[in-house]
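Let's take a walk through this model together, one feature at a time. Have the viewer open and follow along.

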Amino acid sequence: IHTHTQPAVMKAAFLLLLAAVGAYGQSCYGACGIFDTNLECQCNVACTDYGDCCEDYTEICMSCADRCGEEYLDTKPCQCNEGCPDYEDCCSDFEELCVAA
């Protein structure tokens, strides 16, 4: 029985690995404002027009979490730097995460 179980376990592990590799590149984490033709989904301001935003686009790119004080980049949907209040392009959680901190 053990000899039949091991191939099944290896197959399951291989399928999990394939699923993980397939999911790579499907998130906006670290990719906000970037256009990459190699990705199936995008994380820049144009993705809403083209309907190809990654599922976590709003959660990741429309938030200042881990972005406070970063440089201005016009391809990002909202900003998290000291100039954004003047330009009225701050992410909705800018005050909470960047000013209050």
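Which hand does the disulfide of Cys 68 and Cys 98 have, going by the torsion about its S-S bond? It is left-handed, because that torsion is about -85°. The sulfur atoms of Cys 68 and Cys 98 sit 2.0 Å apart. This pair links distant parts of the chain: Cys 68 is in the loop between helix H3 (57-61) and helix H4 (84-87), while Cys 98 is in helix H5 (residues 94-99), and the two are 30 residues apart. Cys 68 has a relative accessible area of 40%, so it counts as partly exposed.

You're looking at a predicted model, and the mean pLDDT of the chain is 83, with 74% of its residues at 70 or more. Confidence is lowest in H1, at a mean of 50, and highest in H4, at 97. Over residues 14-23, pLDDT stays under 50, and the model has 0 contacts beyond four places in sequence for that stretch. Where pLDDT is low, the predicted coordinates should not be read in detail.

Back to the sulfurs. The structure holds 8 disulfides, and a disulfide is a covalent bond between the sulfur atoms of two cysteines. Take Cys 78 and Cys 91, which are joined with an S to S distance of 1.8 Å. With 80° about the S-S bond, the link of Cys 78 and Cys 91 is right-handed. Cys 78 lies in the loop between H3 and H4 and Cys 91 in the loop between H4 and H5, so this bond ties together parts that are 13 residues apart in sequence. Both Cys 78 and Cys 91 are buried.

Now for Cys 47, which you'll find in helix H2. Its disulfide partner is Cys 53, with the two sulfur atoms 1.9 Å apart. The torsion about the S-S bond of Cys 47 and Cys 53 is about 90°, so this disulfide is right-handed. How do the two ends compare for burial? Cys 47 is buried, with a relative accessible area of 1%, whereas Cys 53 is partly exposed at 26%. If you skip residues up to four places away in sequence, Cys 47 touches Gln 42, Asp 52, Cys 53 and Tyr 57. As for Gly 33, it is 14 residues from Cys 47 in sequence and 9.8 Å from it in space, C-alpha to C-alpha.

Cys 47 also belongs to the largest nonpolar core, which has 9 residues in all: Cys 28, Ala 31, Cys 32, Cys 41, Cys 43, Cys 47, Cys 54, Tyr 57 and Cys 61. A second, separate core has 7 residues, including Cys 64, Cys 78, Cys 80 and Cys 84. Leaving aside its neighbours within four places in sequence, Cys 43 is in contact with Ser 27, Cys 28, Ala 31, Cys 32, Gly 33, Ile 34, Cys 54, Tyr 57 and Cys 61.

Next, Asn 44, in the loop between helix H1 (2-23) and helix H2 (47-50). Is Asn 44 buried or exposed? Asn 44 counts as buried because its relative accessibility is 7%, and the cut-off for buried is under 20%. What does its polar side chain find there? The side chain of Asn 44 reaches the backbone nitrogen of Ala 46 at 3.0 Å, and a polar atom of that side chain lies 3.4 Å from the backbone oxygen of Ile 34. Beyond four places in sequence, Asn 44 touches Gly 33, Ile 34, Phe 35, Tyr 57 and Thr 75.

Last stop: the charges. Side chains of opposite charge can pair when their charged atoms come close. The count here comes to 2 salt bridges. In one, Glu 70 pairs with Arg 67, and the closest N and O atoms are 2.8 Å apart. Glu 70 and Arg 67 are both buried. In the other, Lys 76 pairs with Glu 70, with the closest N and O atoms 3.0 Å apart. Lys 76 is buried as well, like Glu 70. Through shared partners, the salt bridges join Arg 67, Glu 70 and Lys 76 into one network.

Notes. Residues numbered from 1 in each chain as written. Heavy atoms only, no water. Helix = DSSP H or I, 4+ residues; strand = E, 2+ residues; numbered from the N terminus. Buried < 20%, exposed > 50% of the residue type's maximum accessible area, 1.4 Å probe, protein only. Polar contact = N/O pair within 3.5 Å; in protein donor to acceptor, adjacent residues only side chain to side chain. Contact = heavy atoms within 4.5 Å. Core = buried A, V, L, I, M, F, W, Y, C linked by side-chain atoms within 4.5 Å. Disulfide = S-S within 2.5 Å. Salt bridge = Lys/Arg side-chain N within 4 Å of Asp/Glu carboxyl O. pLDDT = per-residue confidence, 0-100.
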